[in-house]
Structure formats: structure tokens, C-alpha cells
Amino acid sequence: MFEVFKHCPRCAAVLVDRDIADDGGARTRRACPDDACGFVQWQNPTPAVGALVEHEGQIVLARGAGWPDGYFALVTGYLEKNEDPKAGVAREVKEEIGLEVVESHLIGNYIFERKNEIMLCYHAVARGEIRLSAEIAEVRHYAPHELRPWPRATGFAVADWMKSRGLRVEFIDRPPLGVASTMPVAKGS
Ligand SMILES: [Zn+2]
């Protein structure tokens, strides 16, 4: 989740909403009231990587620790400082499910609005024995045609990859993770 600062991370003044001039015209931003400091919280999206892992001819999806049953997704993670996205994909796949990425290709880049992230999504061919980190509850292997993406962020990457293989895409909507548990439960009248 992206951070919203209350205090300036440079000088600790309380941030205020100010009109900040930019090439596209002035916009209201959270910014430091001290012009000499000049900090502006731009809230640029944070890049993260997502790996659609191919292993022994099937796609491996992972259920994160603490996720509800039935929620399987790409292996994802944040980039380290100065890390190339392809290297980040290989590192995350190794760390989270223990496989060695031998080949990876960009599928595309997708906005994930809820977390203000840009998902850089790769098809990653991997080898080895699956070994789960503590962050992953379980993995499942799927034939490519069995994939049912959700219509958000990494789901669009799955859909685009399926289309590139000539597969028919059927989206299945589910409450977004992190929202499901706070959604009101419908009660019968
Ligand atoms: Zn400041």
C-alpha cells in the first residue's frame, strides 16, 4: 500500500495541500509548507513485478499466506534498489516458490489502482523443485486453458498472455483481496 505522509520526510513540518505548478498545469498536491525545503508528495505509482510462471508445461499460480481459499495469483514482489525487472522476476520466483527462471518475456504493464502500483508482468519459464516460502500458502498447476483471470491488474496480464496463445478468455470476478474481509455481508430479509 502506498504511504501518505502526514509530516515532511525531509524536515518534519506538517504537510499541507498546495497548488504545485507542473508541465501539465498546477495541481493540488500534499507538499511541505516550507519553500526552502520544497518536498512534494507526488504519489507516483510504485512499480512491482508479476510472474506468470510456466513449469513443466503448466502454469503455476500461488495463494498467498492468509488469502482466502480459491485465490490464486501470479508470483509478485517489489523491486530492490536499482534492480532490473527481469532480475526481480527471477529473484521473486526463486524466493517465493523455489524455481529457477530460465527464460522470461514481458507480457505488459498494468495499473493496480487500489495499491497505486504498476505491475510489470512477465511470462517466466522456470525449472526445478517447488519449495514454498512462508509468504505462500500453496501453489496449483493449471493447464493454460484452465486459467480464469480476474478483471484487474495481473488478471489482465493473464488474459493478454492467453490471447497471445489463441486461448479463449473468461474472466471471473471476485472481491479484491484486502477488500473481501471488510465488505458488508448481505443478509436475507
Ligand atoms: Zn519539508
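The model is predicted: local features need pLDDT of at least 70 and side-chain atom pairs count only at pLDDT 80 or more, while totals for chains, interfaces and linings use all residues. Residues are numbered from 1 along each chain as its sequence is written.

The protein is divided into domain 1 (1–43) and domain 2 (46–164), with bounds that come from an automatic or database domain assignment. The centres of domain 1 and domain 2, taken over C-alpha atoms, are separated by 34 Å.

Helices (H or I, at least four residues) and strands (E, at least two) are DSSP runs, numbered from the N terminus, and two strands pair if DSSP finds at least two bridges between them. Five bridges join E1 to strand E2 (residues 27–31), and aspartate 19 stands opposite threonine 28 in E2. E1 and E2 form a hairpin with six residues between them, and glycine 25 in the turn has a positive phi of about 105°. Strand E1 (residues 16–20) is hardly covered, as the count of buried residues among its five residues is zero. Here a residue is buried if 20 or more other C-beta atoms lie within 10 Å of its own, exposed if 12 or fewer, and partly exposed in between, with C-beta atoms placed from the backbone.

Next comes the largest nonpolar core, which has 31 residues. Such a core is a set of buried Ala, Val, Leu, Ile, Met, Phe, Trp, Tyr and Cys residues joined through C-beta atoms within 7 Å. Among the elements that give two or more residues to this core are strand E4 (46–55), helix H1 (85–97) and helix H2 (153–164). H2 provides the largest share, seven residues. Leaving aside neighbours within four places in sequence, alanine 51 is in contact with residues including Leu74, Val93 and Ala124, where contact requires C-beta atoms, placed from the backbone, to lie within 7 Å.

Finally, two backbone angles deserve a look. Most residues other than glycine have a negative phi. Asparagine 82, in the loop between strand E6 (75–78) and H1, has a positive phi near 65°. Asparagine 82 is exposed, with 6 other C-beta atoms within 10 Å. Alanine 153 lies in helix H2 and has a positive phi near 35°. Alanine 153 is buried, because 25 other C-beta atoms lie within 10 Å.

How values were computed. Two residues are in contact if their C-beta atoms, placed from the backbone, lie within 7 Å.
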